Amino acid sequence: MIDPRAVVHDNAKLHPSVKVAPYAIIGANVEIGEGTTVGASAVIDGHTTIGRDCRIFPHAAVGLEPQDLKYAGEKTTLTVGDRTVIREFATLHTGTEGGGGRSAVGDDCLLMTYSHVAHDCIVGNNVVMANSATLAGHVFVKDYVIIGGLTAIHQFVTLGEHSMIGGCSAVVMDIAPYVIAAGNRAENHGLNLVGLKRRGFSRDSLNALRRVYKTIFRSTDPMAGLIEQVCATEDKDVPEVKRLIEFIQNSKRGVTR
């Protein structure tokens, strides 16, 4: 149902079950999936695709042009997955040509009030961004990441899966999977054990991660040598440890300790 006071472009593609509240504005190149609701005075524009059963709250701004001086009006996109909730005054921008032309948010995410997903960010599934959490351009957020309120993530940073970033933090280097980080500048504060237990990680995996965390993150020695130490133990064969090592080895900005 589309409220008659909403402005929906004739070329927009909305599933018949989509609900649009008064004064919402939906542009020509927008596609919205089954069961999604759009709140009052929300704006959805650009080449934007919204999945099914999403909830977009009043005054959210989704798919607008990127805040990048190099952007020259080229066609770029934003994709939002299924069952994602975008709260009041959250802002999500399309990509830029220089960054691959695509921004994306996955399934089952919660983007709280005033959170910001900038151009060319790729956000995974089951991600929570608390109030005023901010992603600069080209940020990669893996699955099950939680970002605390008033936290800023520097451009080109990657946040590893199942990590948690405390509120009021400034993150300028990559955050490894499974850890808790906080502060300005952010530092590690242990493993995200509560989150990992809730998601069903085995006791053996958690014990292996504890040992590897102590080896890698409680030392100031060069990272390459610490990785070699881990690879000399049986823990190297644990899937979560393999992923942690892979993340560190592939990091371009360096990993927060």
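**Group meeting: loops, strands, a helix pair and a pocket**

Asp-53 is partly exposed, with a relative accessible area of 37%, and I start there because that value falls between the 20% limit for buried and the 50% limit for exposed. Please keep in mind throughout that this is a predicted model. Asp-53 sits in the loop between β8 and β9, the latter covering residues 55-56, and its phi is near 60°, a positive value in a residue other than glycine.

Staying with the backbone, I would point you to the cis peptide bond that joins Asn-184 and Arg-185, with omega at about -5°; Arg-185 lies in the loop between β26 (179-183) and β27 (186-191).

Let me turn to two strand residues. Thr-48, in strand β8 (residues 47-50), counts as buried at 0% relative accessibility, and, if we leave aside neighbours within four places in sequence, its contacts include Asn-29, Glu-31, Val-62 and Thr-94. Ile-26, in strand β4 (residues 25-26), is likewise buried, at 2% relative accessibility. With the neighbours within four places again set aside, Ile-26 is in contact with, among others, Val-7, Leu-14, Ile-32 and Ile-44. Ile-26 and Val-43 are 17 residues apart in sequence, while their C-alpha atoms are 6.0 Å apart in space.

Now the helices. How do the axes of α2 and α4 cross? The axes of α2 (residues 203-217) and α4 come within 9 Å and cross at roughly 30°, which makes α2 roughly parallel to α4, since angles under 35 degrees are counted that way. On the α2 side the contact is made by Ser-205, Ala-208, Leu-209, Val-212, Ile-216 and Phe-217, and on the α4 side by Glu-240, Val-241, Leu-244 and Ile-248. By class, that contact has 8 nonpolar, 1 polar and 1 charged residues.

Helix α4 leads me to the last item, the largest pocket, as α4 (residues 239-250) supplies the largest share of its lining, namely 4 residues. The volume of this pocket is about 280 Å³, and of the 13 residues that line the pocket, Thr-158, Asp-174, Asn-250, Ser-251 and Lys-252 lie nearest its centre. Sorted by class, the pocket lining has 6 charged, 4 polar and 3 nonpolar residues.

Key: Residues are numbered from 1 along each chain as its sequence is written. This is a predicted model: local features need pLDDT of at least 70, side-chain atom pairs count only at pLDDT 80 or more; totals for chains, interfaces and linings use all residues. Side-chain values use heavy atoms; hydrogens and water are left out. On a 1 Å grid over the protein atoms alone, a cavity is a set of points where a 1.4 Å probe fits but cannot get out, and a pocket is an open set with protein on both sides within 12 Å along at least five of seven lines; lining residues have an atom within 4 Å of a point. Grid points are joined across faces, edges and corners, and a volume is the space filled by probe spheres set on the points. Ala, Val, Leu, Ile, Met, Phe, Trp, Tyr, Cys and Pro count as nonpolar, Asp, Glu, Lys and Arg as charged, and the others, Gly among them, as polar. Axes are lines fitted to C-alpha atoms, for helices over the stretch in contact, and angles run from 0 to 180 degrees between N-to-C directions. Angles under 35 degrees count as roughly parallel, over 145 as roughly antiparallel, 65 to 115 as roughly perpendicular and the rest as oblique. Contact means heavy atoms within 4.5 Å. Buried means under 20% relative accessible area, exposed over 50%, partly exposed in between (1.4 Å probe, protein chains only).
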